[in-house]
Amino acid sequence: MNYTRPLEFEKDYLELKNKVEELKALALQKNINLNSELEALENRMGVLQAERYNNLTAWQIYQMARHQERPFTLDYINAIFQDFIELHGDRCYADDSAVVGGLAWFDEIPVTVLGHQKGKDTNENLRRNFGMAHPEGYRKAYRLMEQAEKFGRPLICFIDTPGAYPGTGAEERGQAWAISRNLARMSSLRIPIISLVIGEGGSGGALALGVADRVLMLSYAVYSVISPYGCASILLNDANRSEEMAEKLKMTAPDLLNLGIIDEIIPEPLEGAHRNPQKTYQAVEERIRFNLRELLDQDPADLVERRYQRLRKIGRQPS
Amino acid sequence: MIKDRLGFKSRTKYATVKPRWEPGVQTADGERCPGCGSPPPVEDDARRLMVCPDCGYHFPLGVWERVRLITDEDSFVELDAQIVSGDPLGFPGYVEKLESARQDTGLKEAVVTGMGAVYGQEVVIGVMDGRFMMGSMGLAVGEKITRAFETAREYKLPVVIFTASGGARMQEGMVSLLQMAKTSAAVERFSQSGLLYISVLTHPTTGGVTASFASLADIVLAEPGATIGFAGARVIEQTIRQKLPSSFQKSEFLLDHGMIDLIINREELKGFLYKLLRFHKGRAM
């Protein structure tokens, strides 16, 4: 097996891992006993794995979060939910495929699912605009939120976008208006809302699916007011200092848990969700189940009030 | 009267805070009107409005000049003046930047909120100041806006907000982004009480402020020629690799595309607000 698109920091580890696997296959194929050699190599591999993946820098986590092979929204939907029916269109202008949404079952409960959707390859990315939504995408989300409210379905949102698309059409059709309406509406929906940051949480475009009762975040996801590149260009006038800004912006899950922005971190496999998607889906499914059960027990009016108070508390110094 | 309701001693806050920037000296020495190249206004009335008498260009207006222009004399009472930003991320250079913004503007934060009267009509009013760290929204701005809506809801008063902002304050990271959600939630609650909210978008209103409370008003007004949008023009130009026309994201462009209700000249603004307020009198009382 080959490890495609390794990140800079994990290259030597993945090469070693690759060699070990090749050696194992060879031993099996030729029926040679390489047990003692393999044991030594595997020990070294274990040490190297810990060295490479423990204590990743914010910049390295940012690379992980944007990895092209990470599972995206539809992967999670198909793995965790049953009978997903995708619904389309904003009823105003277009169907924006940078946002997907529809109906699905979770543990015999009908739910509405929504999420930003990135593409698996260049063609799909062009169609999905790299997960950067136009106003139509947010308006489709709004429509499906209203629908969820009408039928009393819990809402599960997957966040994975570099940001709302900054283009002329988006401005002409009211990008800011579309986002603000989602923020306001999500705050008053009388249904349980869980948002999960599964990859890249880019600014207002991410938040437009992120006003929730519980915000969960994968351990290698990021969530930030601005990209490190944008921050370095604007504040320092020096895009080369992006790496430094990634650290300062406090965009990783542990930092955001400390700041009260998210409620829970879902640990990924050490080498990242894309190296073991099944394990990741299981962990995500389990945490959705746990949180949904808790939220379904709450009175709708309490849900709305607690969601408001959750926002009211953020950033307030404990007094 | 507002002051009795609040139980405050009668005071006009703007008389006690000395703005360093007086009307008429907001432009740098020797700076000309960006609209037509004339010198900045000198006549009293034009200085009060800061509108170029030759071409009608609307210069950015400071907080206290705006308060003076819109509210009746001695009617304004500031709310939540004590709320200031901390440094939630420990972001390098932020504390110093805040301090110099305070020095330069005489303000504590990029928004001032309070209660006042517009030709006798009581309102809760918020005024942002684009000179204070580009009017960016951090925790303090988000909190003051949120409290303004909460106070107005409690006293069943309409809200008028004058926006001027470059967006979220990136030095406060995700804490600043979440102010978009908080202020939007506050508008939603307020709005569900059947009360009136008018926003007046002034130059410039972009980013996270446009994508939250600014565009959620029942009636959205704008001053002429203001830049209003979500993404900055530079970012869009980099994305689409084209030069944008100068009319892009101006008030008139927004009106054409159906995003705002009306463009109102500064000179007529107070009278126009009064008219709108009168239409909604008696709601939710």
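**Confidence**

I started by reminding myself that this is a predicted model. I noted its scores, ipTM 0.95 and pTM 0.93. For chain B I found an average pLDDT of 89, with 88% of the residues at 70 or above. Where pLDDT is low, the predicted coordinates should not be read in detail. I left that stretch alone.

**Chain A overall**

I counted up the elements of chain A and got 14 helices and eight strands. Its radius of gyration is 21 Å, close to the 20 Å that the globule rule gives for 319 residues, so chain A is as compact as a globular protein of that length. I also took its extents: the C-alpha trace spans about 65 × 50 × 50 Å along the principal axes. Buried residues account for 46% of the 319 in chain A. I checked contacts in chain A between residues at least 6 apart in sequence, and 69% of these link residues at least 24 apart.

**Strand β6 of chain A**

Next I asked myself why strand β6 (residues 214-218) of chain A is described as largely enclosed. Five of its five residues are buried, so the rest of the structure largely encloses it. In a regular strand the side chains alternate between the two faces of the sheet. I went through both faces of β6(A): A:Arg214, A:Leu216 and A:Leu218 are buried on one side, and A:Val215 and A:Met217 are buried on the other.

I looked up the strand's partners too. Strand β5 (residues 193-202) of chain A runs parallel to β6(A) and is joined to it by four bridges; there A:Leu196 stands opposite A:Leu216. Strand β8 (residues 264-266) of chain A also pairs with β6(A) in the parallel sense, over three bridges, and A:Ile265 is the bridge partner of A:Met217.

Leaving aside neighbours within four places in sequence, its contacts include A:Val197, A:Tyr223, A:Ala253 and A:Leu256.

**Where the chains touch**

I wanted to know how many residues each chain puts into the contact. Chain A gives 38 residues and chain B gives 38. On the chain A side, the elements supplying at least two residues each include α7 (168-172), α8 (175-188) and α14 (300-313). The most comes from α8(A), with nine residues. Sorting that side of chain A by class, I got 21 nonpolar, twelve polar and five charged residues.

**Cores**

I looked at the largest nonpolar core, which has 151 residues. Among the members touching the most others are A:Met217, A:Leu155, A:Tyr223, B:Val159 and B:Ile198. Helix α7 (residues 173-192) of chain B gives the most to this core, with ten residues. I also found a second, separate core of six residues, including B:Leu49, B:Met50, B:Cys52 and B:Phe59.

**One loop residue**

Last, I looked up B:Asn265, which sits in the loop between β7 (262-263) and α11 (266-279) of chain B. Is it buried, exposed or partly exposed? B:Asn265 has 13 C-beta neighbours inside 10 Å, so it counts as partly exposed. I also noted B:Gly56, which is 209 residues from B:Asn265 in sequence but 8.7 Å from it in space, C-alpha to C-alpha.

Notes
Residues numbered from 1 in each chain as written. Chains lettered and ligands numbered in written order. Predicted model: local features only at pLDDT ≥ 70, side-chain atom pairs only at ≥ 80, totals over all residues. Buried ≥ 20, exposed ≤ 12 C-beta atoms within 10 Å, placed from the backbone. Pairing = 2+ DSSP bridges. Contact = placed C-beta atoms within 7 Å. Nonpolar A, V, L, I, M, F, W, Y, C, P; charged D, E, K, R; others polar. pLDDT = per-residue confidence, 0-100. Core = buried A, V, L, I, M, F, W, Y, C linked by C-beta atoms within 7 Å. Rg over C-alpha atoms; globule rule 2.2 N^0.38 Å.
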